[in-house]
Amino acid sequence: MNNTQEQIHFTVNIVLGNDGEANFTYSINGNEVTGGGVVRTETAGIYSLDEATLAKGFLFTGATITDVDKETPCAQNFSCKVSDSGRTITIIDADENPGTACLVFNVECNGRAYKSADPQVENEKEL
C-alpha cells in the first residue's frame, strides 16, 4: 500500500446459518455496513476477521473479483493480498476505470471452503 491511497478498515464477522452457508457481516467502528461502496480514488479496503470468527476457525484464503457489467469493466483495477496468517485481507482498488465490480471473499473453516455474498464496489470519477 502506498501513503496516498484512502484506507477503509472493515471488521468481518462470519456465522454459519442453519443452511450451512456462511453469513458475512461487515462493520466500520462498530457500525454495520455493506462491505462494498463507492470509490473515487485509489483505495485499500482492509478486512479483518473479528475475534469470535477467528475462534470458530475461519481464515481468509483469497477473493474473487469480477465485473458486474461487461460494458464497463473495472475488475482488472483490483488486487488482493491475504496477510496475518489469513486473519486479514486487503483489497486494493486502483480506481483507473469506472464501473462496478463484484467482490466475493473466500474463507476456510476446519478444512471446508465458504464464499461470501458479493459486496459490490463501484468506481466513479473523482468530483
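Thr 53 lies in helix H1, which covers residues 51–56. The model shown here is a predicted one. With a relative accessible area of 0%, Thr 53 is buried, because buried means under 20% relative accessible area. What does Thr 53 touch, apart from its neighbours within four places in sequence? Thr 53 is in contact with Val 12, Asn 13, Ile 14 and Phe 58.

From the helix we turn to the strands. Strand E5 runs over residues 43–49 and is mostly covered, with six of its seven residues buried. Strand E5 pairs with strand E1, which spans residues 6–16, and the two run in the parallel sense over seven bridges.

The next topic is the aromatic rings. How many aromatic pairs does the structure hold? There are seven. One of them joins Phe 24 and Tyr 26: the ring centres are 6.4 Å apart and the planes meet at 25°, so this pair is stacked. The reasoning rests on a cut-off, since planes under 30 degrees apart count as stacked. Phe 24 and Tyr 26 are both buried.

A tilted aromatic pair is formed by Phe 60 and Phe 105, at 5.7 Å centre to centre and with 55° between the planes. Phe 60 belongs to strand E6, residues 58–67, while Phe 105 belongs to strand E9, residues 99–109. The pair therefore ties together parts that are 45 residues apart in sequence. Are these two residues buried or exposed? Phe 60 has a relative accessible area of 4% and so is buried. Phe 105 also counts as buried, because its relative accessibility is 1%.

Ring pairs link Phe 10, Phe 24, Tyr 26, Tyr 47, Phe 60 and Phe 105 into a cluster. The cluster thus includes Phe 24 and Tyr 26, the stacked pair, as well as Phe 60 and Phe 105, the tilted pair.

Notes
Residues are numbered from 1 along each chain as its sequence is written. This is a predicted model: local features need pLDDT of at least 70, side-chain atom pairs count only at pLDDT 80 or more; totals for chains, interfaces and linings use all residues. Side-chain values use heavy atoms; hydrogens and water are left out. Buried means under 20% relative accessible area, exposed over 50%, partly exposed in between (1.4 Å probe, protein chains only). Helices (H or I, at least four residues) and strands (E, at least two) are DSSP runs, numbered from the N terminus. Two strands pair if DSSP finds at least two bridges between them. Rings of Phe, Tyr and Trp (its six-membered ring) pair if their centres lie within 6.5 Å; planes under 30 degrees apart count as stacked, over 60 as edge-to-face and the rest as tilted. Contact means heavy atoms within 4.5 Å.
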